[in-house]
Amino acid sequence: MTTEALQSHHFEALIFDMDGILINSEPLHECAKREALREAGIVVPESLFASYTGRSDKAMIYEVAAEHGLDEQRSAEILSRKHRICESLEHTLHPVPGAIEFVHWAKSRFRLALATSATRRNRETTLKMLQIESTFEIVVDSASFSQPKPSPEVFQIALERLALAPACLVIEDAVNGIVAASAAGCFSAGLTSSFSEASLREAGADIVVGSYSELKALLTASEKTE
């Protein structure tokens, strides 16, 4: 979708991812997974982390552990250790630049939903820390679905709860998230906070922006053409 084509679409709702979209947490999650796996004797190459960005911690840890011959019980222990590492350092996290201001701006213009692979605990903690816990009409986290991104399930559930056709705009930072949004029939805006513009476009992002101010300008221009 070109910028001009975006202006011809009316979106009733925006669906936000959380990690990498609202809060700059991807580096912390990667560090915690790396450390938890290292303690279990598994060294993960840098290239593997990028392929799992946007997917759940459980998906990565269980799959990597299985490849190294570890059973589900050991995988669960590694995942638990990863969560404890993250929780000890989550006070150091900061919002993605412009994210909170954009959410408040969008709240008066669109219905808002959150669709994240995060656990319920991390989702609740993050939204409270960002002081936007009551901003989203619909919230879907890992407690509500079984198939992680790039499966479209998380977005399909959000659409069902919004009672809207797929013509919503999904805001994502990860290749897996863009693929999931497209599979759910949604339009997608890729934010280059985790992946390059080329990677997001190749994954199927309808538009790619480098900042929330850029996305706000595009949506504002779209409103003026209605």
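Is Ala163 buried or exposed? In this predicted model, where local features require pLDDT of at least 70, side-chain atom pairs count only at pLDDT 80 or more, and totals for chains, interfaces and linings use all residues, Ala163 counts as exposed at 66% relative accessibility. Residues are numbered from 1 along each chain as its sequence is written, and side-chain values use heavy atoms, with hydrogens and water left out. Buried denotes under 20% relative accessible area, exposed over 50%, and partly exposed the range in between, for a 1.4 Å probe and protein chains only.

Ala163 is placed in the loop between H8 and E4 and has a positive phi of about 60° although it is not a glycine. Helices (H or I, at least four residues) and strands (E, at least two) are DSSP runs numbered from the N terminus. Gln131, also not a glycine, has a positive phi of about 60°. Gln131 lies in the loop between H7 and E3 and is exposed, with a relative accessible area of 64%. Thr135 lies in the loop between H7 and strand E3 (138-140), but counts as buried at 8% relative accessibility. Apart from neighbours within four places in sequence, Thr135 is in contact (heavy atoms within 4.5 Å) with Val103, Lys107 and Leu112. In the loop between E3 and H8 is Pro150, and the peptide bond from Lys149 to Pro150 is cis, with omega near 20°.

A nonpolar core is defined as a set of buried Ala, Val, Leu, Ile, Met, Phe, Trp, Tyr and Cys residues joined through side-chain atoms within 4.5 Å. The largest such core has 50 residues, of which Leu14, Phe16, Leu22, Phe102, Tyr212 and Leu215 touch the most other members. Helix H6 (residues 99-107) gives the most to this core, with six residues. When residues up to four places away in sequence are not counted, the contacts of Phe16 include Ile21, Leu22, Phe102, Val103, Phe136, Ile171 and Tyr212, together with the stretch formed by Leu112, Ala113, Leu114 and Ala115. A second, separate core holds 20 residues, among them Ile15, Val140, Phe155 and Ala158.

In helix H9 (residues 175-183), the residues Asn176, Gly177, Ile178, Ala180 and Ala181 are buried. Just after H9, Gly185 takes a positive phi of about 85°.

The disulfide count is zero, with a disulfide taken as a pair of cysteine sulfur atoms within 2.5 Å. For Cys86, the closest cysteine sulfur is that of Cys31 at 8.3 Å, too far for a bond; Cys86 counts as buried at 5% relative accessibility. The sulfur of Cys168 is 5.6 Å from its closest counterpart, in Cys186, which is likewise too far for a bond. At 0% relative accessibility, Cys168 counts as buried.

Voids were defined on a 1 Å grid over the protein atoms alone: a cavity is a set of points where a 1.4 Å probe fits but cannot get out, a pocket is an open set with protein on both sides within 12 Å along at least five of seven lines, and lining residues have an atom within 4 Å of a point. Grid points are joined across faces, edges and corners, and a volume is the space filled by probe spheres set on the points. The structure holds one cavity of 30 Å³ or more, and the largest cavity has a volume of about 110 Å³. Its lining comprises 14 residues, of which His29, Glu90, Leu93, Asn122 and Thr126 are the closest to its centre. Helices H2 (26-39) and H7 (120-130) each supply at least two residues of this lining, and H7 gives the most, with five.

The largest pocket has a volume of about 480 Å³. Of its 27 lining residues, Ser56, Asp57, Lys58, Ser117 and Ser142 are the closest to the centre. H2, helix H4 (57-67) and helix H5 (72-89) give two or more residues to the lining, and H4 gives the most, with four. The second largest pocket has a volume of about 160 Å³. Residues lining the second largest pocket include Glu26, Glu30, Lys33, Glu46, Phe49 and Tyr52, and H2 and H3 each supply at least two residues of this lining.
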